[in-house]
Structure formats: structure tokens, C-alpha cells
Amino acid sequence: MLASPTRFVALRNPFRSSNKIPSFISHFPKGFPQKSVIRASGNILSVAAMSTPAAVAAVAAVADAGRGSITHVIFDMDGLLLDTEKFYTEVQEKILARYNKTFDWSLKAKMMGRKAIEAATLFVEECGISDSLSPEEFIVERESMLQDLFPTSDLMPGASRLLRHLHSKGIPICVATGTHTRHFDLKTQRHRELFSLMHHIVRGDDPEVKQGKPAPDGFLAAARRFEDGPVDPRKALVFEDAPSGVLAAKNAGMNVIMVPDPRLDKSYHDVADQVLASLLDFKPEEWGLPPFEDSQN
Ligand SMILES: O=P(O)(O)OC[C@@H](O)CO
Ligand SMILES: [Mg+2]
């Protein structure tokens, strides 16, 4: 039972729901009274200052550990930088129509961001067509339809502005994508100059990526390859669109901003440290990064 708290300190709540507080407490400095966190309501974390101001300052430091101290940024690609997820959806709907089935967002949410074979296996099994179409056959058919679509990939809103801003301020940036090299080249062929701003690119077929998202392999490999790598994951900020990618970033111990498709069920938003409707809504200064000079929004 908590002794009556001497005073409360209102901190910015780093979590979107209070069920994450226990893991937050695990970050507390040794010796800090573990029962000090009372509740998270909205964006306020009420902390009972059960002991010295130094302890409260320690909590404030932990609460802000993720934000305010970002030094490197890692970008997902499909659905985040490039408007390519719609191609996968379009092609998968066409294939399913042949079996008089419809493709829905609950399955899409599970497939996004994953390695091709993992996504394909999910697709044929959950759609109940694995007797007539193997994951490998699905990939071959899907690829033939995607070949013509990928070279037309457009950038997502705010992608160019954010990449150019961070690069111009000397913030190291890179990509960690589930996309295979052959698809990567097709998707980015209209955006070579922009992607040349990246310090490095980790692709889905990279030898260091043993497991696809939600495993952390891609983001950990990305953190290692920076000039001053390996980067402390707490100082890395990941931008992702997919639930599997957000989980992968958290599994890598990194901070993650989710920019989800508006059709994705909101229940997938809980794991991310921040959720934005668009990259245009990102405020770098909230994360200790240089603010934009333009007043885009
Ligand atoms: O990791 P990203 O770049 O989203 O690639 C995922 C892609 O393989 C299709 O979902
Ligand atoms: Mg993605």
C-alpha cells in the first residue's frame, strides 16, 4: 500500500495507455521507489514524489528518455516513404476475386511489412486458398502484376520534406525495409536522388536480416551501419506504417512513430510512442531534432 505521497509530479506520459507503465518502471534508476508511478491519464503521467527531488528528476529523465535525445532516424519504406501498399492491396484483391473472395484490412494489417514468403503464407492460408495456390505461386503471380506498378511509385506526403530537412541538418538517416533488392530498385527508380540522402539501406534480403519484421533484425542492422554505429537504440527514432514494423522497432529497443493508413484498425496504434496522420504533422523539436524552418502546418 502506498504511503501517502508527499507531492505529485505531472510528467509527459510517454505511453499511449497505462498498461505499459510496468515496463516503464523497469527503466527506473536502481533504488527508486518502484511504487511511485500512480497513473497515466491521457498525456499526463502522475508520479507521486515519494522521495527526494533527485528521484523525481530521475523519473522525469526516464520519462523523457525517448524524446528529446534522438540522434539518428531510421525510415521504413513501403507505406511510409512510398505510396506502394496500395499496389499490394490492388493485386491481392485481383487474385482473390478469382476465388470469389474479398481482401480485407484485418488480413492486410497482418501482412504489411513482413517478408514476402511470410506475407504470402498468411495470405493463402487465411483466405483458405492454399489447396489451389501455394505461397510460392502467389508470390510469382503477384510479382508479375507488381512489376508494372512499382516503377510508378509516388512519395507519401511529407516524405521528401522530412528527409531533406534532416539531411540538411546533418542528422544521419537510413532505410530499413522488408522489400527485396529487386523490388527496391523498381520502387525507387523515380526517386534515386532523394534516396541518395540515406546513409545506408537495409533491405529484406540483407544477409543480416535473418527474420523479417516484427523481428528487430532489420532495425538492429540499420543501427549498426551508421558512421558512429552501433547507435544506442534509445537515441534512434523509427518511422513505420505497419503493426509488424512498429513491433520490430520496439523489439529493437527504439522509439517509433507510426504513420498508419487511416483504414488500419486503431487497436494497432497502441504500441507506437506517437501516432501521426501524416509525416507533415511531425514536429522534430518534440524529439530533440532541429525544427522545420517552413510553416508547413
Ligand atoms: O518494410 P516495408 O518497407 O514496409 O516493406 C514491406 C513490403 O514488403 C510490403 O509490405
Ligand atoms: Mg511499411
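Modeller: Gladly! In α11, the buried residues are Pro243, Ser244, Gly245, Val246, Leu247, Ala248, Ala249 and Lys250. Buried here means that 20 or more other C-beta atoms, placed from the backbone, lie within 10 Å of the residue's own. Helices (H or I, at least four residues) and strands (E, at least two) are DSSP runs, numbered from the N terminus. Do keep in mind that this is a predicted model, where local features need pLDDT of at least 70 and side-chain atom pairs count only at pLDDT 80 or more, while totals for chains, interfaces and linings use all residues. Residues are numbered from 1 along each chain as its sequence is written, and chains are lettered from A and ligands numbered from 1 in the order in which they are written.

With eight of its nine residues buried, α11 is mostly covered. Those buried residues pack against α4 (105–111), α10, β7 and β8; contact means C-beta atoms within 7 Å. Just after the helix, Gly253 has a positive phi of about 80°.

Two of these neighbours belong together: β7 and β8 run parallel, joined by four bridges, where pairing asks for at least two DSSP bridges. One bridge links Phe239 to Ile257 in β8. β8 is covered on both faces, with Asn255 and Ile257 buried on one side, and Val256 and Met258 on the other.

Leaving out residues up to four places away in sequence, Val238 touches Ile74, Phe219, Ala249, Met254, Asn255 and Val256. In the largest nonpolar core, with 51 residues, Val238 is among those touching the most other members, along with Ile74, Phe75 and Phe219. Such a core is a set of buried Ala, Val, Leu, Ile, Met, Phe, Trp, Tyr and Cys residues joined through C-beta atoms within 7 Å. Elements giving two or more residues to this core include α10 (217–224), β7 (236–240), α11 (243–251) and β8 (255–258). The core draws at least three residues from each of domain 2 (72–83 + 156–287) and domain 3 (85–151), with bounds from an automatic or database domain assignment.

Key. A residue is buried if 20 or more other C-beta atoms lie within 10 Å of its own, exposed if 12 or fewer, and partly exposed in between; C-beta atoms are placed from the backbone. Two residues are in contact if their C-beta atoms, placed from the backbone, lie within 7 Å.
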